[in-house]
Amino acid sequence: MHSRPLWRLAVHSLLLVAALVMVLPLLWIVLTAFKERNEVFSLVPQWLPARPTFNNFLGVLDAMPFWRYYWNTLVVAFGLLTIQLVTITLAAYAFARMEFWGRDVLFILLLVQLMIAPQSTVIQNYLTLSGLGLLDTRLGIMAPYLASAFGTFLLRQTFKSIPKELEEAASLDGCGGFRFLAHIAVPLAVPGYLAFALVSLTYHWNEFFWPLVITETSKARTLTLGLGIFAQTAEGSADWTMLMAATLMVIAVPVMCFLIFQRRFINSFMQSGLGG
Amino acid sequence: MNQTVEGKVPAHALPGAGAVGIRVQVKPRNRLLSIARPYLYILPTFFFLFIFTHYPILKTFHLSMFKWNLATPKREFVGLANYLQAWSTPLFWQVLQNNVLFALGMVPLTLALALGLALLINQKIRGLAIYRALLFYPTMIPMAAAAMIWLWILTPNYGLLNYYGRWLGLPDIHWLGHSRLALWALVLVGVWKRLGYYMVIFLAGLQVIPEHLYEAAIIEGASPWHRFWRVTFPLLSPTTFFVAIMAVIDSFQAIDQVYLMTGGGPGNATNLFIFYIYQNAFRFFDFGYASAVSGILFLILLTLTVLAFRMLHRRVHYA
């Protein structure tokens with residue numbers, strides 16, 4: 001049945017239509033970004049730019065502190081990931097391979113983070129960070145995510161699958177406790193770490209709302225937020241070509257990484273569905 | 001690191017079990033350490049978790065019982081007055097209605113399309129990886145960027161959508177300025193952005209359905225239609241239910257596209273929960289009332305998530 005040519009043709013054409021619907025908007029903004037400012041004000045849209053220009057991209061660099069936003073985003077996304085890797089490794093290892101009083105209750109308290117919308121605690125977190133003097137800082141943007149229930153959950157599954165015999169053998173060879181974790185468990189969990197890293201980096205690269213609440217100046221603002229703020233300035237809202245150039249500059253690197261490592265990204269996000 | 005405890009080593013694995021017993025004698029100090037160790041391991045996580053997750057949940061409910069705004073800068077205990085205020089505010093009900101409509105638009109559409117695409121992608125065809133990447137990539141880009149893209153496509157006169165609409169003989173539509181259509185424009189953007197993600201989750205669900213069930217169905221002479229409704233759909237139902245709940249939760253968390261595309265307008269027609277909270281807290285500085293609305297949202301989402309988690313458990317047992 002599946003090999004009938006007619007059936008295959010139908011599957012391909014449906015997928016092609018769907019893929020086009022997803023891709024045409026992207027293509028349209030890419031082409032818009034290379035047009036001259038007034039070229040887009042035409043009742044009959046032209047797909048290809050008449051005189052392709054890079055001026056919009058240069059204009060964006062003048063109109064907003066683009067590299068500052070970029071640096072902030074890198075610091076937030078990778079700095080956060082670094083701290084998360086430490087917190088989730090230790091917690092996941094304890095929950096996966098140690099017996100202790102109150103473990104199950106504590107695990108449920110951890111999962112609470114997955115069950116609530118981060119947006120519903122925004123007010124109190126804003127007040128807390130204000131009290132700590134962390135408003136308008138990159139650390140403030142990272143703060144609510146330093147512990148990750150999703151990461152802990154994901155790694156716990158991996159650590160659990162390491163056979164007990166391996167730990168016993170290692171411990172007899174003097175590689176027990178923390179050394180077992182560092183030299184054996186962590187290397188074995190690399191696929192789990194990778195999945196977590198890709199989801200975490202994507203999420204925090206893209207995050208808009210929390211940085212919006214917590215920042216006041218461009219000092220700590222991230223790219224996504226910078227784009228949103230640029231769109232609401234006079235310059236950004238009047239000039240579609242420049243706005244599309246800015247959008248393209250914000251998404252270029254992540255989209256490129258995705259196209260290169262697409263299988264890894266998709267597998268990571270598949271796992272994130274299990275964790276919420 | 002000599003913290004191996006008696007009884008952990010299976011006797012049959014060792015020729016001289018007695019010798020091990022001697023080796024693993026635990027000193028009192030080590031014993032204390034081995035009791036404390038797991039708690040030390042989870043301490044960093046629970047330190048942050050308490051400050052930024054547990055405490056804010058409790059504190060939000062606490063704050064929701066105070067009058068605390070620009071007019072009353074010193075907070076004043078008022079009991080449930082903020083909840084009663086929400087109850088008697090027409091805008092609160094409109095926001096709730098908007099959000100329910102938004103979910104009703106998003107969820108069935110996303111689910112049906114995502115499942116359909118997952119079924120197509122699950123066929124053994126050429127170019128599968130390319131299709132999958134093209135359908136999935138909107139998950140990777142920020143919602144803020146998606147909002148910009150669609151602002152441009154939906155814009156009146158010069159927008160791509162209106163151009164092809166005119167081409168089909170439709171009148172020029174100012175999608176985001178129309179009180180009925182603006183919400184559906186946001187639905188469109190939401191579906192476009194989330195479709196690929198849910199497709200992939202469905203794909204994961206489809207891949208654990210055992211092949212032999214289909215083989216048996218084919219031998220029995222079941223048509224593809226029957227195979228879908230009798231094999232695929234029932235076995236996929238935990239995934240479907242899980243995705244549905246996630247999608248509902250997603251639609252109650254939508255804020256970026258509201259903030260960037262409509263600002264809640266025209267006339268609050270696209271004002272959704274989180275945006276309403278944001279407005280009250282950070283534009284009108286009414287922290288007490290905003291906390292009460294947060295509390296209500298929290299309870300709605302908690303109910304939905306508990307449902308999703310129960311489904312998730314069932315799904316894990318399935319696989």
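Here are some worked exercises on the predicted two-chain model above.

Local features in this predicted model need pLDDT of at least 70, side-chain atom pairs count only at pLDDT 80 or more, and totals for chains, interfaces and linings use all residues. Residues are numbered from 1 along each chain as its sequence is written, while chains are lettered from A and ligands numbered from 1 in the order in which they are written.

**Exercise 1. Two helices in chain A**

Describe how helix 7 (residues 149–160) and helix 10 (residues 190–206) of chain A pack.

Solution. First take the geometry: the angle is about 165° and the axes are 9 Å apart. Axes are lines fitted to C-alpha atoms, for helices over the stretch in contact, and angles run from 0 to 180 degrees between N-to-C directions. That angle makes helix 7 of chain A roughly antiparallel to helix 10 of chain A; the classes are roughly parallel under 35 degrees, roughly antiparallel over 145, roughly perpendicular from 65 to 115, and oblique for the rest. Then list the partners: A:Gly151, A:Leu154, A:Leu155 and A:Thr158 in helix 7 of chain A meet A:Gly192, A:Ala195, A:Phe196 and A:Ser200 in helix 10 of chain A. By class, this contact has four nonpolar, four polar and no charged residues.

**Exercise 2. Two helices in chain B**

Now classify the packing of helix 6 (residues 143–154) and helix 8 (residues 182–207) of chain B.

Solution. Their angle is about 130°, with the axes 10 Å apart. Helix 6 of chain B and helix 8 of chain B are therefore oblique to each other. Among the residues that meet are B:Trp150 in helix 6 of chain B and B:Trp192 in helix 8 of chain B. The contact of these helices has eight nonpolar, no polar and one charged residues.

**Exercise 3. One residue's surroundings**

Is A:Ala245 buried or exposed?

Solution. Begin by placing A:Ala245 in helix 14 (residues 240–260) of chain A. A:Ala245 has 27 other C-beta atoms within 10 Å, so it is buried (buried takes 20 or more such atoms, exposed 12 or fewer, and partly exposed lies in between, with C-beta atoms placed from the backbone). Leaving out residues up to four places away in sequence, A:Ala245 touches A:Ala33, A:Asn56, A:Phe57 and A:Val60.

**Exercise 4. Chain B as a whole**

Summarise the make-up of chain B.

Solution. Count the elements: chain B has 13 helices and two strands. Then check burial: 41% of its 319 residues are buried. Last, consider contacts in chain B between residues at least 6 apart in sequence: 68% join residues at least 24 apart.

Definitions and conventions
Helices (H or I, at least four residues) and strands (E, at least two) are DSSP runs, numbered from the N terminus. Two residues are in contact if their C-beta atoms, placed from the backbone, lie within 7 Å. Ala, Val, Leu, Ile, Met, Phe, Trp, Tyr, Cys and Pro count as nonpolar, Asp, Glu, Lys and Arg as charged, and the others, Gly among them, as polar.
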